[in-house]
Amino acid sequence: MKPSNLGFRRFGIGFILSWSLIPIYWVINTSFQTDAQISDTPSHLYPPTPGWANYKALLIGNGELAGMVRRSTINIFIECISATVITVVLASLAAYAFARMEFKGRKFFLFIVVMTMAFPTYTTLIPMYRIMASIHLVNTYLGIILCYVSGFLPLATWILLSYMQSLPAAIEEAGSVDGASRMQVFRLIVLPLIMPAIASTGVITFLFAWAQFIFPLVLASDQSTQPLTVIVAAIQGRHVVPYSLLSTAGVIALSVPAVIALFTNRFIVSGLINGSVK
Amino acid sequence: MNKRKSVDLLPYALISPLILFIICLAITPAVYTSVAAFFKVQPLNPPTHFSGLDNFRDIIHNSAVISSLGNTFLYIVIGVTLSTVLGIYIAVILQRRFKGRSILIAILILPWALPGVVEGILWTGIWDANTGVLNSVLKSLHLITHYQVFLGQNRLLTILAIEIVQVWQITPLSTILILAVLQNIPDDLYEAATIDGSNSRKSFLHITLPLIRPGIAIAVVQAIIATLNVFDQPYILNGAATTANSLAMETYAVSFQNLNFGQGYALSLLITIFTLLISVVVAKFIYKKVEY
Amino acid sequence: MLDAIKVSKSTKSVAIVVAVVSALGFSSLAVPAKAATPSTISVVLAAPPLPPAMLAEFTKATGITVKWTQLDWDSLQTKIAAAATANTFFADATDVDWSRVGQLGKLNWFLPMEKYLDTKALSADMPQLGSFTKNGHVVGIPYDASFMVTTVNKALFSKAGITKMPTTIDEYTADLKTVKAKKVVQYPLNIPFAAAEGLSTYWYETTGAFGGHILDATGKPLFTSPTSAGYKAAAWMVNAVKTGLVPPGNINVADSQGQQTLMAKGKVASTFSDYSGNVGSLYDVAASSSVVHQVQYLATPGATGPASNLGNPDGIGIPAKAKNPAGAAKFISWFTDGKNMADFAGASGTSRTWVGYFFPSRLSGIAILNKKGSIIGGDVLAGMLKTSAAVFPEGAPAWYPEFSSAVYTNLHAAAAGTMTVDAAIKAIAATATKLSSGK
């Protein structure tokens with residue numbers, strides 16, 4: 001490679017690293033400082049006396065904050081995992097039908113799926129809340145999960161559909177000759193083949209669900225169902241809340257998606273490319 | 001092909017859960033919103049009744065909405081430009097394989113994966129005029145003599161600072177969409193150009209840029225949709241101030257603060273129509289790619 | 001090629017898969033959906049839970065278990081509006097802010113409290129109850145009588161050679177200028193100019209200090225003339241930024257934020273409109289403050305002498321869709337009991353003290369507290385409470401939120417320099433006139 005190109009790339013790598021990481025580094029940095037250290041000028045570029053005090057205050061012990069954070073962490077996992085599993089199962093069934101079967105109204109239904117991806121979320125907030133209230137699902141895990149599933153199902157279907165369409169149908173045809181039913185073909189041949197796309201869909205759905213705020217805020221009434229994001233906002237809105245503690249709450253809320261993004265980036269990238277309508 | 005007597009029910013069974021979800025929890029609320037946009041829905045001022053285009057007329061006379069319209073336009077222009085240019089730049093850096101490239105991609109995606117609630121916390125620590133790190137660093141480098149106010153004073157600077165936060169979040173997606181197309185460009189095209197005496201700038205302008213246009217198109221559309229709906233970033237960083245309030249924030253304020261739900265629905269409907277128009281264009285575009 | 005495959009069998013199997021998935025998923029996930037038993041009430045407030053000992057006491061006395069949920073104030077207001085418009089339950093007892101009394105009263109989103117408590121008897125002991133009453137209905141019961149008050153960092157003032165505290169706003173302004181001139185701090189005054197509710201409140205308090213009111217009884221603006229208190233207050237606030245008394249960065253600082261990052265860190269010397277509990281709950285707490293024992297309450301300097309303070313009470317009420325209104329009423333009655341409120345404020349030791357609580361809303365509660373002398377700066381505060389005045393003595397108008405939004409966006413713009421004080425005042429007045437005349 002020519003030196004000029006090498007310089008170009010080195011600069012670029014430096015840019016990507018600092019652009020993506022500095023804001024995240026900064027919140028981690030402040031989470032290891034005391035409140036007094038944060039307001040020092042000039043700012044400390046690294047924690048002068050790093051310690052776990054803020055994390056202990058939010059995670060360990062009988063404190064009321066720690067209780068809230070722990071409970072909401074359990075809630076967010078239950079809600080995100082359930083929503084992800086249901087979304088992936090239903091989306092792969094639908095994607096299979098769209099990709100491999102001819103039926104009346106196929107194009108029409110596909111069009112509807114694409115259309116719903118474009119609705120801004122707050123358009124549906126109050127009506128959605130009304131529907132949930134009328135079927136007594138406000139403040140239940142199920143209500144929040146159904147809301148997530150309805151929101152992410154179109155995109156998940158789209159990602160899986162594009163992936164299935166990129167696979168040659170020949171393998172499945174070979175299977176069908178042996179007299180297997182279409183669902184057997186789906187289970188035994190298609191499902192193993194689309195595993196990478198299922199992983200993509202799952203990871204993306206999970207990350208989207210993790211990031212939700214306004215819907216769970218309205219749909220969850222108390223700590224039994226409130227996810228971590230709602231609790232972070234509640235901490236942020238307190239009258240007296242040290243920025244150090246707030247940073248720590250932020251780090252806790254970003255740690256899970258960050259780890260997932262770091263380790264599953266291959267699936268995220270391919271999923272985003274397949275579902276790039278959103 | 002032999003003709004079937006009965007209708008093939010399997011595909012309908014397979015898509016029925018999806019369609020059920022869409023009808024119950026997406027279409028029904030959307031239809032409700034669209035209809036209610038033509039009604040006077042003001043709990044403070046009952047009764048609710050059909051009011052034709054009144055809500056839409058009121059929107060035009062709502063000065064906060066008008067200022068947010070201008071701001072949103074700026075968000076779109078700044079956000080789409082920055083995220084696309086950065087997206088192309090980063091994608092070009094990542095075009096060829098090199099050691100550590102996959103780790104770099106993993107790090108690149110991070111901002112996209114984080115929840116919006118956290119983003120506000122992250123960036124207040126950076127922009128803050130009294131304790132922010134940007135001021136601290138600029139002052140240490142002697143680039144400024146005293147702490148600057150980034151947010152709230154100058155409209156353009158405020159919007160730029162806020163939009164950078166959103167760009168930080170949406171650029172990973174733009175990059176990946178562009179990179180996907182970029183990687184399909186065969187190497188021999190570049191080799192042939194090099195033999196013809198083309199330098200890297202020329203190759204970029206004459207080979208790369210024209211060929212990644214489909215990727216750019218999708219990236220631009222997702223950026224338009226994201227910036228058109230910008231909410232968290234201005235709300236957290238600049239409050240309700242008219243310097244940087246967005247259309248989405250006004251929709252929220254009209255509904256939940258003024259309790260003028262009819263007008264809120266009307267505003268939502270306008271945003272939805274605009275978003276749909278853009279999406280339909282893309283959907284058509286992608287349809288061509290997948291429907292052989 | 002797909003026609004070669006049998007239909008009926010596979011259709012059935014899919015139906016079964018879907019049914020099983022749904023059944024499995026749904027039954028195991030719907031567990032936390034619990035029916036509220038009559039002996040439970042759900043309380044949602046923008047405040048941390050009461051001390052466990054106190055809640056246990058209530059449960060023991062009444063057999064009612066309290067489920068407490070804390071939300072941030074903005075989220076809570078959204079939830080109240082969303083639940084009420086969707087006509088659905090979300091809490092048995094929740095926040096009734098003084099600023100929302102008119103709106104909530106008109107919407108009938110809350111049950112009239114006079115049906116559950118003897119509010120007539122209460123009103124003599126509860127001076128602020130009037131501002132929670134609208135159209136003859138008591139929308140909520142005030143449980144914390146906080147008000148706005150001036151706080152001063154005495155250490156910084158004395159460094160500038162100021163030992164006699166100001167009693168008029170002119171003296172106060174002159175002192176701030178001295179603090180700045182002596183370079184004790186670069187910017188001595190904290191005004192939170194972020195476009196948010198805290199800015200409106202600051203202006204109301206300052207208007208009171210200049211000896212005037214915001215709106216008349218019919219909702220017409222009283223601040224349009226340049227000689228009016230409201231006009232002078234706005235000009236004084238904006239001028240404070242222009243002349244460098246307020247940090248330029250405050251253009252985007254909200255009230256709590258400024259108190260924590262500036263006042264509590266000794267970066268400013270005074271907050272003209274501060275929360276009445278802050279010395280005890282923030283400035284004297286070593287974990288969040290570097291100015292412990294330096295900040296004190298000051299009778300708010302007025303036009304000719306100490307001015308009346310702006311009441312900023314918190315209230316609690318019962319939403320119309322409450323599942324257990326009787327239980328909620330019992331709770332509210334206990335919650336606003338004079339002795340209990342004195343305990344919240346620290347009359348009986350830390351195990352009964354409620355973090356962030358300030359001052360009982362009942363005179364009898366204050367009497368208990370004063371007898372024990374257990375509140376920081378209590379004597380000064382007690383005197384101020386007697387003269388504290390509501391922005392809207394007859395309850396805030398239904399259109400208050402829209403009015404307040406006009407106040408803070410326009411004052412913010414004036415401070416940012418994008419419009420003049422005169423233009424800002426005109427815009428606020430136009431909004432008030434439009435809203436009070438019902439458009």
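## A covered helix in chain A

In H14(A), the buried residues are A:Asn265, A:Ile268, A:Val269, A:Gly271, A:Leu272, A:Ile273 and A:Asn274; a residue is buried if 20 or more other C-beta atoms, placed from the backbone, lie within 10 Å of its own. The model is predicted, local features need pLDDT of at least 70, side-chain atom pairs count only at pLDDT 80 or more, and totals for chains, interfaces and linings use all residues. Residues are numbered from 1 along each chain as its sequence is written, while chains are lettered from A and ligands numbered from 1 in the order in which they are written.

Helix H14 (residues 265–274) of chain A is mostly covered, with seven of its ten residues buried. Its cover includes helices H7 (141–166), H10 (195–211) and H13 (243–263) of chain A, together with helices H4 (101–113) and H7 (155–182) of chain B. Helices (H or I, at least four residues) and strands (E, at least two) are DSSP runs, numbered from the N terminus.

Chain A as a whole has 14 helices and zero strands. Buried residues account for 57% of its 278 residues, and its C-alpha trace spans about 70 × 65 × 30 Å along the principal axes. Of the contacts in chain A between residues at least 6 apart in sequence, 77% join residues at least 24 apart; two residues are in contact if their C-beta atoms, placed from the backbone, lie within 7 Å.

| Contact | Chain B | Partner |
|---|---|---|
| B with A | 68 residues | chain A, 78 residues |
| B with C | 31 residues | chain C, 34 residues |

On the side of chain B that touches chain A, helix H1 (residues 10–36) of chain B gives the largest share, 19 residues. That side divides into 51 nonpolar, 15 polar and two charged residues. Here Ala, Val, Leu, Ile, Met, Phe, Trp, Tyr, Cys and Pro count as nonpolar, Asp, Glu, Lys and Arg as charged, and the others, Gly among them, as polar.

## A helix pair in chain C

The axes of helix H9 (residues 229–242) of chain C and H16(C) come within 9 Å and cross at roughly 40°. C:Ala234, C:Val238 and C:Val241 in H9(C) meet C:Leu411, C:Ala414 and C:Ala415 in H16(C). By class, this contact has six nonpolar, no polar and no charged residues.

Methods: Buried ≥ 20, exposed ≤ 12 C-beta atoms within 10 Å, placed from the backbone. Axes fitted to C-alpha atoms, helices over the stretch in contact; angles between N-to-C directions.
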